[in-house]
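Have the coordinates open as you read.

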Amino acid sequence: MTKIHKLSSELTNQIAAGEVIERPASVIKELCENALDAGSTRIKIDFIDAGLKQIVVQDNGSGIAADEIDLAFMRHATSKINTNHDLFNIATLGFRGEALASIAAVAKVDIVTNTGDVNGIHAIFEDSNKVKQEAIASPQGTKIVVKDLFYNTPARLKYLKSERTEIMKIVDIVNRLALGYPQVSFELTNQQKQLLKTTGHDDLRQTAANIYGIKVAEKMLAIYAQSPDFKIAGLISRADDTRSTRNFITLLLNTRYVKNYRLVQAIVDGYGTRLLKGRYPFAIVKIDLDPLLVDVNVHPTKQEVRLSKESELARLIVRTIDQALGATEHEIASFDDANESKQTKLDQLEFNLNEAVVDTSRIPVEFSIPNDLTDDSSKVKEDDTTFVSLKHPRQDEHYLVTTTWDANVQAQTALSPFSASSLSSEVTTSSEQILVNKLPQLQCLGQMHEYLLATADNDLYIVDQVAADNRLAFDKLLLQMQAENNYEQTLLDNIILDFSMIDFLKVQDKLADFKKLGLNLEEFGGRSFVLQEYPLWLENCDQIQIKAVIDLILAHINAPLDKIRIELAKKIVATKHIRRKSLNSLEMVEMLTSLSNSSNPYHDPFGKIIIAKISENDLRKLFQK
């Protein structure tokens, strides 16, 4: 057994840095928080190669005194707390004194700082050691240049995502800081290309416009409420202006951006039934409270906190948002009006169209329609672990253990491997596998309400007209989307689409996929794209519908293109609100023929049953003959 020994200071610094500095965005967060604590009113950030090659953060704050430079780069050295009492009464963003020491442990740091004297101080740190210090002329404030991040811990690099993803994380954290401090001017650039600029005029709506776009910000509603312990203020979007993830909800506790599932859920609950399923609002909720009611010393990054009177605060948020929205909200129909059935239990006679099976005396069996396919990979990974609700068990690939787990495993292990020819774009049940290509030639009898009645081989078939129309419309749309040449129609007036910087970067990264779908988006300056033509499969083309299409694609950003086409086709069919109609004999025959040739004549794209069969023997049993 190896002997117990004390770790070197270099190794302990790198271990400590691993908790605080996870990626380039962590460096920018820590340096910006230091700048804000120093009273800065202007903060400029620039980075190269997603921050791995270089990060520059410059502010006009109070600076660091010459005789405190060495101390500032030591672990647990800070000017923000002095006693145990201060630890439970924290009014600053930082307090541990770990940021500069952690950064210097995994990168090369060049600092120029001035407290307002004639000359400032220039120092260079490598491997947590100072290698140079000199006097230099400089303005008041601090400029820190971080180079070659993780150069001495290369194993950390393999845990980073793509360059585009790391840039989006940097943009996201600076956006949150800017929303928390609208009185501070932030400027974020990537190799001198501007990603964000705020005015610092202490106008939250203007800051929101700089981040989310003018059209979103100008429609947001102001909220305000106060109780003996809490004060709430901020901006929320109307119920018709939503996104498919919670990423546009910003929760600020004493100006600190925090993650708290219960409070975020309270924001969503404040919308009540106004929100469509799976949709989330833009929200900037600033909460002021006594620092004694919150413990921020529970996580190295200080983004997770422990709150006293959390239930009382959640109720205040729900009530405030509900009152702000009022009774005048109007839902705007978009591709998200779909009320997709998640699971349908069919209490009916099971039927089998396999000609080799003639016994109709078996016991009725319940069918279980599979859940609509969804893609959780477009969500930010943090959401999977941060937002967990015990009331709504998750059904994604990480949480598959259910009460039917053992039975499912047994059924799956009994299956033979799939052949390449058996793979299809839609999932079908084992019963459907038996029925494939077994739909007989149906002879139409007539129509009763929304049902078509048909017969074949002395058996009665009942066809749900609306479900059949949905299936046929879905198949038609999917074929149009899969066509090599998506024929396009020129718009009379070009549509200009504004995005937040994060969505702009996502769209920019997926322009090739948009083009394959027939959406030729071109950059139009700033964070905008222009659309001059639209595909024929998109019948009604306006800005709301185009944004809904793009939002759905972004929600499945990492999904294969075929999966995106399926989801798009389902959403478009859902918005058509197909209703029953009276058909003549020719139209009924045409529908039954088309249904026979469809990709799945037994279920519509949302899992609802299309056709049911009642055999002659079933009828005899029904009438007790």
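Strands β24 (residues 521–523) and β25 pair in the antiparallel sense, and three bridges connect them. Two strands count as paired here if DSSP finds at least two bridges between them. Helices (H or I, at least four residues) and strands (E, at least two) are DSSP runs, numbered from the N terminus. In this pairing, Glu-522 sits opposite Val-530 of β25. The two strands make a hairpin with four residues between them, and Gly-525 in the turn has a positive phi of about 90°. Strand β25 (residues 528–535) is mostly covered, with six of its eight residues buried. Buried means under 20% relative accessible area, exposed means over 50%, and partly exposed lies in between (1.4 Å probe, protein chains only).

Before going on, a word on what you are looking at. This is a predicted model, in which local features need pLDDT of at least 70 and side-chain atom pairs count only at pLDDT 80 or more, while totals for chains, interfaces and linings use all residues. Residues are numbered from 1 along each chain as its sequence is written, and side-chain values use heavy atoms, with hydrogens and water left out.

Now step back to the whole chain. It holds 20 helices and 26 strands, and 49% of its 625 residues are buried. Of the contacts (heavy atoms within 4.5 Å) between residues at least 6 apart in sequence, 71% join residues at least 24 apart. The chain exposes about 32,500 Å², with carbon and sulfur atoms supplying 51% of that area; accessible areas come from the Shrake-Rupley method with a 1.4 Å probe, and for residues only the protein chains shown count as cover.

Next, look at an open sheet of eight strands, in the order β5-β4-β3-β6-β2-β1-β7-β8 and with mixed pairing. Its edges are β5 (129–136) and β8 (193–197), each of which pairs on one side only. Within the sheet, β1 (residues 42–48) and β2 (residues 54–59) run antiparallel and are joined by six bridges. There, Ile-48 stands opposite Gln-54 in β2.

Is Ala-135 buried or exposed? Because its relative accessible area is 56%, Ala-135 counts as exposed. Leaving aside residues up to four places away in sequence, Ala-135 touches Gly-120 and Ile-121. The C-alpha atoms of Ala-135 and Val-112, which are 23 residues apart along the chain, are separated by 9.2 Å.

For a contrasting setting, turn to Ser-244, in the loop between β11 (242–243) and β12 (249–253). Ser-244 counts as buried because its relative accessibility is 15%. Which residues does Ser-244 touch, not counting those up to four places away in sequence? They are Gly-278, Arg-279, Tyr-280, Asp-551 and Ala-555.

Helix α15 (residues 501–509) is worth a look too: eight of its nine residues are buried, so the helix is largely enclosed by the rest of the structure. Among the buried residues of α15 are Asp-503 and Lys-506, along with Met-501, Ile-502 and Phe-504.

Finally, go to Phe-623, in the segment after α20 (616–622). Phe-623 is exposed because its relative accessible area is 56%.
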